[in-house]
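Thanks for asking me to look this one over. My notes are below, in numbered points, so that you can check each against the coordinates.

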Amino acid sequence: MLCVYCGHDETRVVDSRLVGEGRQIRRRRVCQACEERFTTFETVELSLPHVIKGNGEREPFNEAKLRAGMMRALEKRPVSTELIEQTIGGLLHDLSLTGEREISSRLVGESVMAALRRLDKVAYIRFASVYLRFEDLEAFIAEIERLQAPEVPA
Ligand SMILES: [Zn+2]
């Protein structure tokens, strides 16, 4: 890393801390020659697959869209921002690890539903009702009943 002030190529890291919910490292550096200080950020580059939409169109993965959908479902729910960020981080991590260059929007939707289901049942139902576009009241009730059933049969 070249010093931004004098161009010297030796700098020393004097402080490192995790920022951006742990997905970024902020480093304070001091130049060995002129002793000026500057800051660098290091971010993990997740290579997220392209998304194939229902109509066959492809689009780059849109983290903002995923976040917006989840935040809408979680509005006023008792789930901490930290936990939400952790969940989103985990989702992005998992999707980047599929190793696929393209994934269906259905897979993304299902991953979000699975994550919300673990996080908050009300948020899950909100998201699912928009995402699955429950055809009728019966389908909606069936999903609610499925949720209320114990996950591991006694
Ligand atoms: Zn310097």
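1. Ile25 is partly exposed, because its relative accessible area is 24% and that class lies between buried, under 20%, and exposed, over 50% (1.4 Å probe, protein chains only). Ile25 sits in strand β2; helices here are DSSP runs of H or I with at least four residues, strands are runs of E with at least two, and both are numbered from the N terminus. Leaving out residues up to four places away in sequence, Ile25 touches Ser16, Arg17, Leu18, Thr40, Phe41 and Glu42, where contact means heavy atoms within 4.5 Å. Thr40 is 15 residues from Ile25 along the chain, and their C-alpha atoms are separated by 8.2 Å.

2. A word on the source: this is a predicted model, in which local features need pLDDT of at least 70 and side-chain atom pairs count only at pLDDT 80 or more, while totals for chains, interfaces and linings use all residues. Residues are numbered from 1 along each chain as its sequence is written, and side-chain values use heavy atoms, with hydrogens and water left out.

3. Glu35 has a positive phi, near 65 degrees, and is placed in the loop between β2 (24-31) and β3. Its relative accessibility is 61%, so Glu35 counts as exposed. Lys76 also has a positive phi, of about 60 degrees, and lies in the loop between α1 and α2. With a relative accessible area of 80%, Lys76 is exposed.

4. Val44 is in the loop between β3 (37-43) and β4 (50-52). At 61% relative accessibility, Val44 is classed as exposed.

5. Helix α2 passes a simple length check. Its 16 residues should span 22 Å at 1.5 Å a residue, and the end C-alpha atoms are 22 Å apart, so the two agree; the expected span is 1.5 Å times one less than the number of residues. The buried residues of α2 are Ile84, Glu85, Thr87, Ile88, Gly89, Leu91, Leu92, Leu95 and Ser96. Among what covers them are α1, β6 (102-104) and α3.

6. Leu95 belongs to helix α2 and is buried, at 3% relative accessibility. Beyond its neighbours within four places in sequence, Leu95 is in contact with Leu48, Pro49, Phe61, Ile103 and Ser111. The C-alpha atoms of Leu95 and Leu66 are separated by 12 Å, with the two residues 29 apart along the chain.

7. Ile103, one of those partners of Leu95, is found in strand β6. At 4% relative accessibility, Ile103 is buried too. Setting aside neighbours within four places in sequence, its contacts are Pro49, His50, Val51, Ile52, Leu95, Thr98 and Val108. Leu48 lies 55 residues away along the chain, with a C-alpha separation of 9.4 Å from Ile103.

8. Which residues of the largest nonpolar core touch the most other members? Of its 25 residues, they are Phe61, Leu66, Met70, Leu74, Val112, Leu116 and Tyr124. Such a core is a set of buried Ala, Val, Leu, Ile, Met, Phe, Trp, Tyr and Cys residues joined through side-chain atoms within 4.5 Å. At least two residues come from each of α1, α2 (81-96), α3 and α4, and α3 gives the most, with 6. Met70 is in contact with Thr87, Ile88, Leu91, Val112 and Leu116, leaving aside neighbours within four places in sequence. In soluble globular proteins, nonpolar side chains tend to be buried together.

9. The largest pocket holds about 670 Å³ of space. A pocket here is an open set of points on a 1 Å grid over the protein atoms alone, where a 1.4 Å probe fits, with protein on both sides within 12 Å along at least five of seven lines; lining residues have an atom within 4 Å of a point. Grid points are joined across faces, edges and corners, and the volume is the space filled by probe spheres set on the points. Its lining has 23 residues, with Lys65, Ser105, Gly109, Phe127 and Tyr131 nearest the centre. Elements giving two or more residues to this lining are α1 (63-73), α3 (105-119) and α4 (121-131), and α1 gives the most, with 7.

10. By class, the pocket lining has 12 nonpolar, 5 polar and 6 charged residues. Nonpolar covers Ala, Val, Leu, Ile, Met, Phe, Trp, Tyr, Cys and Pro, charged covers Asp, Glu, Lys and Arg, and the others, Gly among them, are polar.
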